[in-house]
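User: I'd like to learn how to read a fold from its overall features down to a single residue. Can you walk me through one?

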Amino acid sequence: MPKPGRDLLRLADSVILPGFVGTTPPDWLRRRLSEGLAGVVLFSRNIAGPAQVAELTAALHAESPAALVGVDEEAGEVTRLEVATGSSRPGNYALGVVDDVALTEELARDLGRDLAAAGITIDFAPSADVNSNPDNPVIGLRAFGADPALVARHTRAFVRGLQASGVAACAKHFPGHGDTAVDSHHGVPVVAGEIEEHLLPFRAAIDEGVRAIMTGHLLVPRYDEQRPATLSPHVLTALLRDELGFDGMIITDGIEMAAVSGAYGVGGASALAIAAGADAICVGGEHSDEATAVEVRDAIAQAVLDGRLPEERLADAARRVRELGAWSAATRAARPREDGHAVEGEIGLIAARRAVRVTRRTAAPVLPLTVAPQVVEFAPEMNLAIDKGTPWGVGEPLGKLLPGTTVTRITAQESRAAVLENLLRDAADRPLVLVARDAHRYPWQSEAISHLLSARADAVVVEMGLPERSDLGAIHIATYGSARVCGQAAAEVITGSL
């Protein structure tokens, strides 16, 4: 079997964005960037603070000025730059609840300024998914909502604001991950029936001039009964390129995710994705060593030699990656670089406050609280897109407003009757605040809340996920997000300071 030559390997490298370990670029990454690697994807493990990220990206661009530096900074639950503190901006769903496109655009512009200051060139946002399935385990609050027209207008506004700051937007997860009940990190979601409503936000993003679109690892039988969208020419070429007219860069979601790598391996899925019409391979969320990047490169090059991937298709993919890199480099050069510190986004707190919805279910004067409460936070297992270390909750900001507040966090394994009874005893002479996160998707949360409310009908319930019901507690507060500012906004409502 013939071996790929240096030129072909270099061409294959020019469509790969790997991850890596550490807060400084390893030697292998520097070398590969100088030899033509497309760029990198940053994850939480690469981020210690804004100044450090700015130094890191400067080192990357010293090796390759046009290298793409991407990150999943959606704001809200999915944050990388603020993973240690929680996001200073609410996520998409809260913005959809407010439904003020000017606010969405300004928040995205504010986010873009922080990203540009840190040297980020492409943000894998916004999520343009229509969350039509409330049981969706991976999208949920990451979507602007369940109404296609609402999602479309806010997708357009987010793209406009982010790219006005010189950072390329990347609408995801094409052709729409909202009507699924399977997490593509673990399996293959199937999107049955027509998908025209789910395409509406992507059409809006394309009309707005979005620079990139990320594929979803979804099986869409309407277009392809065999291969997920990421690997399907029917979806990426016939639909996205030819029918929708998108001419920017198509990048895959993490190629090591089980929905695509399970059947084909990381390298095999990468070669199939480029052949299907993708231009760039995102890899490294779970496999972040040089060997993985080499495996992807070699598999793409070998597919060319074997005739499974036309070299012209690979060259076309490399061209689109190169063009986006050139746009990013030119945009970066045209804008004065700020010192590597994040702007404390007041716009984010304003948005979070506007998104809060309060349902009063009693005439009794429950709020504002003036006595330090007992706060119980129910902590479900979150999907892999959300960093497990990201702080969330109401207890911490409430403690600053009402010193003496105590906080107990309970997982599914800890949610037992004896534990709940102990909490009731501890809160016997104090206000009780219950904080849920997607309670409708976790029976153990609903059962625990019912148990506590049966004894304490005066309790305040805060839902920081999707509030499928608002008839819980004496006062029900929906924040439509669990970002730091969402917790702050809820604490202000509880204490009457909002």
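User: How many helices and strands are there in the chain?

Analyst: Keep in mind that this is a predicted model. The chain holds 16 helices along with 14 strands.

User: What does the radius of gyration say about the chain?

Analyst: The idea is to set it against what a compact globule of that length would have. For 498 residues that would be near 23 Å, and the chain has 23 Å, so the two agree. The C-alpha trace spans about 75 × 50 × 40 Å along its principal axes.

User: Which share of the contacts with a separation of 6 or more comes from residues 24 or more positions apart?

Analyst: Here you ask how far along the sequence the partners sit. In this chain, such residues account for 77% of those contacts.

User: And what about burial and surface: what percentage of the residues count as buried?

Analyst: That's 62% of the 498 residues. The accessible surface comes to about 18100 Å², with 52% of that belonging to carbon and sulfur atoms.

User: How many positive and negative side chains does the chain have?

Analyst: You count both sets, then look at where their centres fall. There are 46 positive and 65 negative side chains, and the two centres lie 2 Å apart.

User: Where is Asn-46, and which residues does it touch?

Analyst: Asn-46 sits in the loop between β2 (39-42) and α3 (50-63). Leaving out residues up to four places away in sequence, Asn-46 touches Phe-20, Val-21, Gly-22, Thr-23, Val-41, Gln-52 and Leu-56.

Conventions. Residues numbered from 1 in each chain as written. Predicted model: local features only at pLDDT ≥ 70, side-chain atom pairs only at ≥ 80, totals over all residues. Heavy atoms only, no water. Helix = DSSP H or I, 4+ residues; strand = E, 2+ residues; numbered from the N terminus. Rg over C-alpha atoms; globule rule 2.2 N^0.38 Å. Buried < 20%, exposed > 50% of the residue type's maximum accessible area, 1.4 Å probe, protein only. Contact = heavy atoms within 4.5 Å. Areas by Shrake-Rupley, 256 points an atom, 1.4 Å probe, with all protein chains shown as cover. Lys, Arg positive; Asp, Glu negative; His and termini not counted. Charge placed at Lys NZ, Arg CZ, Asp CG, Glu CD.
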